[in-house]
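Hi there,

Here is the structure I promised to send over. Have a look at it first, and then read my notes below.

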Amino acid sequence: MLTYIFKRLLIAVPLIFGVLTLTFFIIRLAPGDPAAFFIQPGISPNVAMQIREQYGLNEALPVQYLKWLMNVLQGDFGRSFSRAQQPVIDVIAGALPITVTIAVLTLIANFVLGIIIGVVSAVRQNSFLDRFMTVGALFFYSMPEFWFALMMIILFALKIPIFPASGLNEIGAEGFGPFGFAMDRLWHLVLPVTVLSINGAAGIARYVRGSMLEVIRQDYIRTARAKGLPERVVIMRHALRNALLPVITLMGSSLPFIFSGALFIEVIFAFPGMGRVTVEAIFARDYPLIIANTFISGTLIVFGNLLADVLYAVVDPRIKL
Amino acid sequence: MNELRGRLFSEGCRVSLRLAAFCFLLLSVTGCGGGRGGASGPSAMDSTLVITSLGDADYLNPVIGATVTSSNIFGLIYPSLLQSSFDTTTGLLNYEALEKRLRKATGASKKPEAALARSWTFSPDHRTLTYRIRSDAFWDDGMPIVAEDFRFSYMLYGNPIIASPRQQYLAELVGAENGAVDFQRAITAPDDTTLVFRFHKPVPEYLALFHTSLTPLPAHYWKDVKPEEFRQSRLNQNPLGAGPYRLKSWKQQQELVLESSARCNLPKPGNIPMISFRVVPDYTVRLAQLQTGAVDVVENIKPQDFEGLQRAAAPVEIKTVGLRVYDYVGWSNIDRDEYRKSGRIQPHPLFGSAKVRRALTMAIDRQSIMDGYLKEYGELCSSDISPSLKWAYNNTIVPYAFNARKASDMLREEGWVPGPDGILQKAGRKFSFSLYTNAGNERRNYASVIIQQNLRAVGILCRLEVQESNVFFENLQSRRLDAWMAGWSIGLEIDPMDVWGSDLEASRFNFTGYRNPDLDHLCMLAKKKMDPLEAKPYWLEYQELLHRDQPVTFLYWIRETQGFNGRIQGEELNISGVFYNIDDWTLRPSATLAP
């Protein structure tokens, strides 16, 4: 298995490099100018030229590419155009903890809720509960996140003001003490995590239900029941373990989501996470930041897939890598 | 088996207990958190004014800061040489030093105690401006504010490596006529309280004052920063100022907090102990927070939301400032393909005739657009000089009324007759085009649909296209669009040559390709006048020319509306800014501070 992992890692290097090179050229082909903000009445036309000079955009594209390549090989992704020339690594380091916090909480809630709903739906197949859950899951799954988030805000922040509508902390939260501060942060995360996890759990529930229905029709489940095992043990120990195999793949593919952020939720709840960083960088034509974000997303997708394959082999003895 | 069941049960119980504990914790936090008005004692909100903004500040440095939020913050952190005030009776900007004003104030006015300049003298040849600076003003670290700080700052503003967006202000200084300001001669500081600016040409006094009152930086604090590292310096996030507020904390893209600066004497520490600028990108959320009282100021409220705000839990007042923003439909006056290919200027096949453009304006029911969207917060527009600039506004011009029949007649006179499909035709060409606008502007989307229907009624086929803002702007700049809908926010000084100048290479924002030598001449004559009031006749005629030629269809002026929490007192909104006198604002104490 180690050889397999090593081979996959080796293949990943040119793959990620290729993705970055493509991104480098594609974003420069897109219309728009990083210095466009400085082209307006009352601002000297020299400013946009000076800004382009500073960003190194006046040089020929191959020269820009070579310079960029040399810097990236030394681990330097450059400085952001749109965020006060901060190193892009600092911009990402500022946004990542917020995104990871939301994403980890969301993923836990997603999988716990999704698995519970999926198992109950499968075990009680065609019952009222199953139909109710199936319809409910589809209802939430097909609901646009931004709309759901706005409805939650209107309901729980405006009509019944229990939760805050946006932000990570209350005004003056620094004075609450470390515990109070953490609780205040948690309180601010209730609405966004709820929106994200209800939406995501609905999808996972559909996977688990399908997989579970397939498993409980297998001979070894019949055998377990024939042995006289209680239904709970049959479901939890024999069926669920096998039914969760496809869910492991989902876990691997969720890895990029942890780091890339949930754009709509970050915009609506005013969280400065990775989703907002990426989209604002695209709108501002902030090339270094776009490339750095692509690097992170690309790397995580590659590693997420690798992780899913490895986990699959670990939990399923039939699969040999 | 029983053992297994027991274990499962006990595990289930443990999980349930943990969940219950978490829920209790959450509910207890929920109960004690959030908003003012709890009974547990004064909260931070009682002493904090919360202003929402769409985006964050970029640099807390007036030399390079470019966002709206940055500009709002500079005014609170940094001192200024002069104070400016907008006279609503004349529409003129006034510049004020401690002991001198450019113009006599027309109404009751406060002493401009925040100004660093005591007075100024302007040479009779309009080429030398000498300021006398007060000697009792200090930076936050206790160092005195001296004339050298201004000289040093202007050298930063003019340094091409730093690329300040305000370098245009230095265009009249000695040396600028040759491409680079000669700072040795252009700005001198003979002593700590004397500052001299020298111009290469005679400059009107108001313009000289406007262009020499850029915000200073403390020279002793910045002197070791190299120009090439200026934009990357950590000092940009840790400003040293002298204004009524100073930076307390800044969580980028989240919240920037200013605290009242106790040692400020320009003129005094801010009344409100803390001001928080919170980044809330989504409009609906900003509105919800204004309604719940979680924030105090939200800018650019849409008219359709006023009714909901009246019913809000928190008392909300809607305030407006003068008319600075207008929307228009741009028509390419010239054949843009021909111009781009050969540089030759020929009339546009559809919009090249002024009569056709006048007909298009008459065919559009601008009043309906205003009634449907802006209501009383819009005013018909007939040129780019705002009715708020009363001294220059031509109130004898009557905007073209909506008249589809007359528009059809005028189009027929120009040779446009209905074809078999009802669409106007001339020499085999249909009157059909795409109207472009930028994505994300609800007001323009609304207007464009009405415009499309209005034009269809006179036999013109108009397709609506929405483009991402960057793409739209690039297409405008490179004159790739035949018709578009956009808007301008005007400055308080009239300087229209960038938008209407006949030299299409020099006039960077003349997207229509409009050319009129008479208009160029009027602008030149007006700019030569040393007193703006003497230029009034030129500006009146200028508006008549624009009204006659309709290079664009001017739609409406927009009265921008701001939502204020009712607890704010003492605010005076002004066309020069919503936060014009923010250091004088106070917050009405909430129930938590009541005795």
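**What I found**

Arg285(A) sits in the loop that links α12 (274-283) and α13 (287-315) of chain A. Please keep in mind that this is a predicted model. For background, most residues other than glycine have a negative phi, and most peptide bonds are trans.

The peptide bond joining Leu266(B) and Pro267(B) is cis, with omega about -5 degrees. You will find Pro267(B) in the loop between β9 (255-260) and β10 of chain B.

**Chain A and its helices**

Chain A has 13 helices and zero strands, so the pattern along its sequence is simply one α after another: α-α-α-α-α-α-α-α-α-α-α-α-α. Along the principal axes, its C-alpha atoms fill a box of roughly 85 × 55 × 40 Å.

Helix α3 (residues 61-73) of chain A has 13 residues, which at 1.5 Å a residue should span 18 Å; the C-alpha atoms at its ends are 18 Å apart, which agrees. After α3(A) comes Gly75(A), with a positive phi near 80 degrees. Even so, α4(A) has a kink of about 30 degrees at Leu96(A), shortly before the proline Pro97(A).

How do α4(A) and α5(A) cross? The axes of helix α4 (residues 88-123) and helix α5 (residues 128-141) of chain A come within 8 Å and cross at roughly 140 degrees. The two helices are therefore oblique to each other, and their crossing is left-handed. On the α4(A) side the contact involves Ile117(A), Val120(A) and Ser121(A), which meet Leu129(A), Asp130(A), Met133(A), Thr134(A) and Ala137(A) of α5(A). By class, that contact has five nonpolar, two polar and one charged residues.

**A helix pair in chain B**

In chain B, have a look at helix α16 (residues 517-528) and helix α17 (residues 536-549): their axes come within 9 Å and cross at roughly 160 degrees. That angle makes α16(B) roughly antiparallel to α17(B). From α16(B), the contact takes in Asp518(B), Leu519(B), Leu522(B), Cys523(B), Leu525(B) and Ala526(B); from α17(B), it takes in Tyr538(B), Trp539(B), Glu541(B), Tyr542(B) and Leu545(B). Sorted by class, these residues are nine nonpolar, no polar and two charged. The crossing of α16(B) and α17(B) is left-handed.

**Where the chains meet**

How many residues of chain B are in contact with chain A? There are 52 of them, and they touch 51 residues of chain A. On the chain B side, at least two residues each come from α1 (2-32), β1 (48-53), β10 (274-279), α7 (283-292), α14 (469-477) and α15 (497-500). By class, this side of chain B has 23 nonpolar, 21 polar and eight charged residues.

One helix pair spans the two chains. Helix α6 (residues 145-159) of chain A packs against α7(B) at an angle of about 5 degrees, with the axes 11 Å apart. That makes α6(A) roughly parallel to α7(B). Here Leu150(A), Ile153(A), Ile154(A), Ala157(A) and Leu158(A) of α6(A) meet Thr284(B), Val285(B), Ala288(B), Gln291(B) and Thr292(B) of α7(B). The residues in this contact divide into seven nonpolar, three polar and no charged.

Best wishes

Note on methods: Residues are numbered from 1 along each chain as its sequence is written. Chains are lettered from A and ligands numbered from 1 in the order in which they are written. This is a predicted model: local features need pLDDT of at least 70, side-chain atom pairs count only at pLDDT 80 or more; totals for chains, interfaces and linings use all residues. Two residues are in contact if their C-beta atoms, placed from the backbone, lie within 7 Å. Helices (H or I, at least four residues) and strands (E, at least two) are DSSP runs, numbered from the N terminus. Ala, Val, Leu, Ile, Met, Phe, Trp, Tyr, Cys and Pro count as nonpolar, Asp, Glu, Lys and Arg as charged, and the others, Gly among them, as polar. Axes are lines fitted to C-alpha atoms, for helices over the stretch in contact, and angles run from 0 to 180 degrees between N-to-C directions. Angles under 35 degrees count as roughly parallel, over 145 as roughly antiparallel, 65 to 115 as roughly perpendicular and the rest as oblique. A crossing is left-handed if the near helix is turned anticlockwise from the far one by less than a right angle, and right-handed if clockwise. The bend at a residue is the angle between axes fitted to the seven residues ending there and the seven starting there. The expected span of a helix is 1.5 Å times one less than its number of residues.
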